[in-house]
Amino acid sequence: MSNFLGKRLRIGVAIPSTNTSAQPEMEDMRPIGVTNHIGRMIIDDDSLTHADGFNRVIENIRRSTPDAIRSLRHCGTSAIIAAVSPDGYWEGHAAHETLHGQLTEAAGGAKIIMSADAIMAALKALGGIRRIGLISPYLELGDEPVSRFFTDSGIEVAATHGLGGRTPSNISDVTPADLRDAVLEVDGPDVEAIVQVGTNVPMAAFAQSAETWVGKPVLSNNAVLYWHALRSCGVTDPIPGRGILYESH
């Protein structure tokens, strides 16, 4: 690889146009010699408070994601992160596999990294975790399909807490107090890890600090996506100071 800045790895990141969290968080996670290259999925900031609006968001994501991924093909990326979570969970495993295949074709040889796969890989890497507390960015309407995806994968969801995002852009309007309350709501003595989905929730730094007071893995969506992209491309060195997951091989 001849690129001076990205001499170890170049990662593409396809992000919804409403998302203001994934890009800065993933920039903060870059090891030396790794570069990120951004493509945007053009979507409208529709309401997530009712099924029609949620379905429009899903449809917009499906329509625009392949073009965003194709825009990254010529950057020499070894992996492309689809930095969006609802479409990967919304209709179950078969639909997820179909979508993954479509995006892989659009990527032209780069590995496609999606939230559902990345989180399952992280749970396995942390010792085969089977019981989680789940934090979602949505109202109850969006919580159920995400929870069902995990239970269908053999992961027990002990508790779920939605952060109440009312539009895709509004998802980022959370405070540290909101995130703290969410962690406390889904934690419990029988919970092995806390998992947060939703790439517009700015939780990566908070999750790292939360691990020190809950004493277990707290997996933020963007951190897990980026970890899985690195590990899938052979960047396996532990990275101190970024949480339990990054300290493992």
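With which residue does Asp 187 form a salt bridge? Select Asp 187 and Lys 216: the two form a salt bridge, and their closest N and O atoms are 2.7 Å apart. A salt bridge here is a side-chain nitrogen of Lys or Arg within 4 Å of a carboxyl oxygen of Asp or Glu. This is a predicted model, in which local features need pLDDT of at least 70 and side-chain atom pairs count only at pLDDT 80 or more, while totals for chains, interfaces and linings use all residues. Residues are numbered from 1 along each chain as its sequence is written, and side-chain values use heavy atoms, with hydrogens and water left out.

Lys 216 is buried, with a relative accessible area of 11%, whereas Asp 187 is partly exposed at 26%. Buried means under 20% relative accessible area, exposed over 50%, and partly exposed in between (1.4 Å probe, protein chains only).

Next, select Arg 8 and Asp 237, a salt bridge with its closest N and O atoms 3.1 Å apart. This pair links distant parts of the chain, 229 residues apart. Arg 8 is partly exposed, at 38% relative accessibility, and Asp 237 is partly exposed, at 31%.

Then select Arg 70 and Asp 67, whose side chains meet in a salt bridge (2.6 Å, N to O). Both lie in helix α2 (residues 51-70), about one turn of the helix apart; helices are DSSP runs (H or I, at least four residues), numbered from the N terminus.

Finally, select Arg 131, Glu 156 and Asp 190, which are linked in a network of salt bridges. The structure holds 8 salt bridges.

Key
Helices (H or I, at least four residues) and strands (E, at least two) are DSSP runs, numbered from the N terminus.
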